[in-house]
Amino acid sequence: MKKLLSLLLVLLFLLPVGGAALAESTAAPAKDFVEISDLDGLLAIADDPDGNYLLTADIDMASTIWQPIPFRGTLDGAGHTLYNLQISAVGEDTRVTRDGNLVPYDTVFSGLFSVMENATVRDLHLVGVRMAVDGKEHCFVGMLAGYMYRCNIQGCSVQGQARLTNYAVMSGIGGIVGYGAGDFGYCRADVELVFEDRNLEERCEQFMGGILACGLVNIEDCVVRIQGYDSCHGYVHNGGLVGMYYYCGMDVHSQSVRRNEIYGQITFFEDNPNRRAYCEPTLGEEMSVPGNYYSNEDEFERNEVFEYDKVLKPEPCEEPEYQTTLVAPTCEDWGYAVHECRICGYSWADSYFPPQHTPGEWEIVTPADETHEGLREKHCTVCGELLTRETYTVAPPEPEPTEEIVTVRGADTTEALSVVFRGSAQAKHAEGATGPLTWTSENPDIVSVDPDGTVHGLRHGEATVRYDSQNGLYHGTCRVSVYYSFWQWFLIVFCFGWLWYV
Ligand SMILES: [Zn+2]
Ligand SMILES: [Zn+2]
């Protein structure tokens with residue numbers, strides 16, 4: 001129950017992006033920013049990794065297992081969220097990483113981005129990340145990127161789980177980035193990180209940090225909540241912020257680590273006769289010393305155990321029994337499914353669903369008449385927020401295409417609303433049209449339309465329904481917004497929310 005509560009607290013902490021973080025990125029996007037509003041847009045970054053991108057919507061990533069891609073451009077999240085991101089692969093690119101003795105390793109990387117160089121990422125949020133990577137080769141993972149060099153990350157947050165199983169030597173997990181150099185400002189990480197070393201032949205070099213596993217970076221005004229689990233038969237380097245703070249042979253110099261907050265714990269063992277067992281609230285092992293290093297607050301627990309034969313995991317039960325509870329989204333909070341073990345109380349969440357208002361009916365502010373436009377508004381029935389305000393006319397000019405807005409909030413009301421639209425279409429064109437009207441939907445996955453004009457809302461989204469007269473002279477469109485009712489949402493999450501359970 002305690003963990004469930006902390007999960008809820010974590011959600012509360014994640015959702016309002018810090019005002020300071022928002023203030024950091026007031027720069028208006030330049031004209032050459034490509035707008036991204038869906039998964040296809042994100043996938044297209046792979047075609048131009050040097051481009052500049054602006055998110056214009058929250059994007060549900062649940063329908064894909066993400067393949068990490070390199071990135072060298074600018075990504076402005078504009079406060080938007082990628083949610084239900086699932087990653088199990090590493091990217092194709094390799095880079096050389098170096099340990100504390102500057103020994104080089106050809107290394108692979110995993111994260112939303114595999115290798116990130118000279119990139120800027122700001123005001124981007126990742127909610128409900130689930131990473132589980134097998135490190136067959138030397139490997140670093142981070143939810144945003146596995147590797148970075150000369151990158152600037154401002155006002156971003158990550159929340160979720162990352163697991164790395166090591167079969168090689170050089171290996172680490174960072175909450176935001178795995179390995180490298182750059183800047184973090186006003187970032188938040190709420191992460192569960194699990195490292196399991198299966199290489200019993202060689203002593204691994206293992207790194208774990210709430211922000212970065214290994215490297216030399218500026219970290220300012222960041223907040224980390226970490227639950228780390230680390231089973232290592234080599235050398236442990238664990239820190240609340242950074243596992244090992246070291247320039248690692250990169251062309252970077254003295255950096256700042258200040259005004260950060262760290263909460264949580266790392267439970268670990270270092271099965272090694274030459275035991276070092278670095279694990280500290282901020283920087284695990286300080287091979288380089290930050291030039292500005294102050295005002296870091298923590299409530300961090302170093303939890304070292306000395307039994308080496310039992311892999312450390314957040315779920316201690318051999319055979320856990322999970323009970324799933326659905327938390328519905330509200331106007332301000334995310335919905336999600338939380339799975340809690342009946343035996344030990346450990347819980348985790350998935351199937352996140354964005355905050356959602358409940359649109360009411362149109363309210364007339366200024367009535368329209370035959371010669372004047374009117375003004376109408378739609379408010380949320382729960383919180384009262386103004387959702388839409390638009391002008392309208394009582395008699396749209398004919399035969400120009402008309403557009404109407406229909407809100408479908410569940411199968412029960414679909415038929416009634418479609419009848420309104422169908423009726424108005426037929427009435428407007430009864431004189432000029434000959435023969436039956438033809439009905440089409442631009443996106444039949446969201447809204448389907450029968451030959452008689454009956455509209456069906458199929459899933460959450462928007463689509464335009466169009467009618468055309470047989471002689472081609474008369475046509476009109478209707479924008480249909482489909483909102484899930486709670487029970488529809490419940491069914492969808494309930495049916496498909498288990499796919500990623502590991
Ligand atoms: Zn359990
Ligand atoms: Zn609302």
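The model is predicted: local features need pLDDT of at least 70, side-chain atom pairs count only at pLDDT 80 or more, and totals for chains, interfaces and linings use all residues. Residues are numbered from 1 along each chain as its sequence is written.

L102 is found in the loop between β8 (94-98) and β9 (104-110) (strands are DSSP runs of E, at least two residues, numbered from the N terminus). L102 has a positive phi of about 60 degrees, although it is not a glycine. D123, also not a glycine, has a positive phi of about 50 degrees. D123 sits in the loop between β11 (120-122) and β12 (125-135). D123 is buried, with 21 other C-beta atoms within 10 Å.

The largest nonpolar core has 101 residues (a core is a set of buried Ala, Val, Leu, Ile, Met, Phe, Trp, Tyr and Cys residues joined through C-beta atoms within 7 Å). Its largest share, six residues, comes from strand β20 (residues 212-220). Apart from this core lies another of 12 residues, among them I446 and C478.

Three strands form an open, antiparallel sheet in the order β30-β31-β32 (pairing requires at least two DSSP bridges between two strands). β30 (322-327) and β32 (347-353) stand at the edges, each with a single partner strand, so one side of each lacks a neighbour in the sheet. Six bridges join β30 to β31 (residues 335-341). T325 has V338 in β31 as its bridge partner.

Methods
Chains are lettered from A and ligands numbered from 1 in the order in which they are written. Helices (H or I, at least four residues) and strands (E, at least two) are DSSP runs, numbered from the N terminus. A residue is buried if 20 or more other C-beta atoms lie within 10 Å of its own, exposed if 12 or fewer, and partly exposed in between; C-beta atoms are placed from the backbone.
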